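Dear colleague,

I am handing over the structure below, and after it you will find a written account of what was found. Please read the two side by side.

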Amino acid sequence: MIQITDVNKIYASGFQALNNINLAIKPAEIFALLGPNGAGKTTLISAICGIVDATSGQITVDGKDIVSDYRHTRRLIGLVPQELTTDAFETVWTTVSFSRGLFGKKPDPAFIEKTLKSLSLWNKKDSRLIELSGGMKRRVMIAKALSHEPTILFLDEPTAGVDVELRKDMWQLVRQLRDDGVTIILTTHYIEEAEEIADRIGVIKNGQLILVEDKIMLMNQLGTKQLILDLKEPLTEIPANMTDFNLQLKNNGLQLIYSYDTTEEHTGISVLLQHLSVAGIAFKDIKTDQSSLEDIFVSLVKETT
Amino acid sequence: MNRYAVAAIYKFEMARTKRTIFQSIISPVISTSLYFVVFGSAIGSRITEIGGVSYGAFIVPGLIMLSLLTQSISNASFGIYFPKFTGTIYELLSAPVSSFEVLLGYVGAAATKSTLLALIILATAHFFVPLEIAHPFWMLFFLVMTAITFSLFGFIIGIWADNFEKLQVIPLIIITPLVFLGGTFYSVSMLPPFWQTVTQFNPVFYLISGFRWSFYEVADVSLITSLCVMGGFLALCLLAVTWIFKSGYQIRR
Ligand SMILES: Nc1ncnc2c1ncn2[C@@H]1O[C@H](COP(=O)(O)OP(=O)(O)OP(=O)(O)O)[C@@H](O)[C@H]1O
Ligand SMILES: [Mg+2]
């Protein structure tokens with residue numbers, strides 16, 4: 001759906017915000033672009049949408065070049081920018097209708113009505129934007145982006161300043177759109193978010209795309225699980241019959257932690273438990289912990305520094 | 001041609017006028033009317049006729065030009081500058097519109113507004129001074145062409161400006177003096193020779209002269225000269241705007 005080839009962006013200040021980006025976005029997927037502040041997420045989105053010009057490289061959308069065929073490519077794209085920028089004195093209805101016209105679509109009040117209703121904005125349709133709360137404005141921005149029925153939707157940090165309820169609604173809507181065939185690219189700092197909603201995840205840092213992976217694959221590949229045993233009596237060292245296991249002692253010897261790979265056929269848990277009872281080690285409690293995408297992300301970002 | 005986009009921008013800008021009706025219509029109408037009262041009714045009766053036209057009537061075309069020029073410029077420049085200022089320009093930049101379509105929407109709306117304003121002022125002037133319009137067609141032609149030309153000029157300023165000061169400086173320190181010194185209040189022939197020569201370099205002088213001719217058939221220069229200067233300035237603005245779009249100057253970051 002989107003093909004990004006060798007894209008670089010050097011701002012007028014001389015700062016290189018994108019460094020040789022190569023990326024292909026598939027139709028009807030939710031792609032999460034993850035990265036710390038200043039990584040280049042907004043710049044990448046802006047380059048695809050035509051807000052900034054890439055210094056070099058090529059971007060195609062639906063097989064068409066975004067520069068020479070901008071009329072075709074931009075019609076397909078809806079963008080919800082990171083900043084809440086609205087015309088304060090316009091009403092919700094006029095601003096959303098304006099966006100539809102700007103993107104070359106015939107007026108369609110019924111469609112605008114449907115869009116506003118799906119975003120719970122219908123009762124606010126005649127309110128001026130200045131009278132709306134931040135979360136409502138964010139929804140208006142989404143309505144504007146959806147007003148011309150795009151097949152690609154960019155959401156640049158859609159959940160900044162959005163409460164839990166709205167966030168849930170938003171993800172619901174995003175999934176719905178994806179199921180209707182819309183390709184969605186969103187950026188976020190929150191790893192849980194990417195984990196929750198994305199089909200694929202790209203990690204960007206210092207203008208470089210350091211990883212692009214299917215979410216499930218990513219979590220499987222890098223995901224180790226831990227079995228945590230709270231012991232009755234502290235241990236000073238790992239018992240001799242268990243040195244083959246990947247074990248750690250923590251909490252002054254009161255916790256025994258076993259790390260294992262979830263993708264292995266035999267996790268070795270039952271054998272470990274047998275060994276424990278042979279060695280006469282009693283435990284009060286047992287639990288497992290899976291490393292989240294967050295841990296993966298943090299370790300990745302650290303690695304490349 | 002993305003005509004829905006042009007229509008959307010045009011409508012948006014016209015709606016903005018409705019919201020700011022005081023600043024964009026009522027206030028210029030009032031301030032121009034003050035001139036008519038002061039010069040037309042009060043002082044005007046003590047000033048002799050110029051070229052067979054009573055003084056109050058003589059100054060009407062120039063004063064209409066003053067509002068037309070300043071409003072065309074400020075409407076168009078503000079229209080395109082404001083989205084840059086608030087950040088809503090992102091939508092314009094990411095939309096499937098060409099620079100020409102953007103221009104058509106903004107300049108079209110600005111020219112419409114200032115033409116309407118000029119007509120309102122003309123109607124108001126009627127209350128204060130005796131008016132006759134010898135060539136209504138030419139009068140409208142001058143109005144519309146001047147509105148388009150200076151809206152274009154305002155559009156260029158709006159693209160160039162990166163703060164509010166720059167936005168206001170041109171109408172204030174260039175246009176207003178040019179109008180006042182361009183023969184709004186006097187016939188150039190009343191000036192000493194040196195100032196007559198200086199006036200020849202004031203483009204607004206030709207506009208006012210032509211416009212006034214359409215009312216009273218009195219002019220400082222021939223109609224052809226006025227038309228040529230106006231056409232020349234329009235061509236200059238078109239050239240500048242083409243160059244700006246080609247180079248991507250300032251619209252695109
Ligand atoms: N117009 C500009 N001129 C110069 N440098 C810029 C410009 N816009 C952005 N940058 C720089 O480019 C880098 C990437 O910025 P970008 O906005 O793409 O980051 P981001 O990943 O979206 O960050 P955030 O998570 O904070 O939104 C930053 O270092 C920023 O300072
Ligand atoms: Mg950003």
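Predicted model: local features only at pLDDT ≥ 70, side-chain atom pairs only at ≥ 80, totals over all residues.

Helices (H or I, at least four residues) and strands (E, at least two) are DSSP runs, numbered from the N terminus. A:Thr42 has a relative accessible area of 31% and is therefore partly exposed, and A:Gln82, at 27%, counts as partly exposed too; the classes are buried for under 20% relative accessible area, exposed for over 50%, and partly exposed in between (1.4 Å probe, protein chains only).

As to conventions, residues are numbered from 1 along each chain as its sequence is written, while chains are lettered from A and ligands numbered from 1 in the order in which they are written. Local features need pLDDT of at least 70, side-chain atom pairs count only at pLDDT 80 or more, totals for chains, interfaces and linings use all residues, and side-chain values use heavy atoms, with hydrogens and water left out.

**Ligand 1**

Around ligand 1 there are 15 residues, of which A:Asn37, A:Lys41, A:Thr42, A:Thr43 and A:His189 come nearest, a residue being counted as near if one of its heavy atoms lies within 4 Å. Helix α1(A) supplies the largest share of this shell, with 3 residues. A nitrogen atom of ligand 1 lies 3.4 Å from an N or O atom in the side chain of A:Tyr11. On its own, ligand 1 has 640 Å² of accessible area, and the protein covers 68% of this (areas by the Shrake-Rupley method with a 1.4 Å probe).

**Elsewhere in chain A**

A:Thr183 belongs to strand β8 (residues 183–188) of chain A and is buried because its relative accessible area is 1%; a polar atom of its side chain lies 2.9 Å from the backbone nitrogen of A:Ala28.

Two residues deserve a look for their backbone angles, given that most residues other than glycine have a negative phi. A:Glu157, which is not a glycine, has a positive phi of about 50 degrees; A:Glu157 sits in the loop between β7 (152–156) and α6 (164–179) of chain A and, at 10% relative accessibility, counts as buried. A:Asn206 also has a positive phi, near 45 degrees, but A:Asn206 is exposed, with a relative accessible area of 55%, in the loop between β9 (200–205) and β10 (208–214) of chain A.

**Chain B**

In chain B, B:Phe155 is found in helix α7 (residues 136–160) and is buried, with a relative accessible area of 1%.

With best regards

Methods. Polar contact = N/O pair within 3.5 Å; in protein donor to acceptor, adjacent residues only side chain to side chain.
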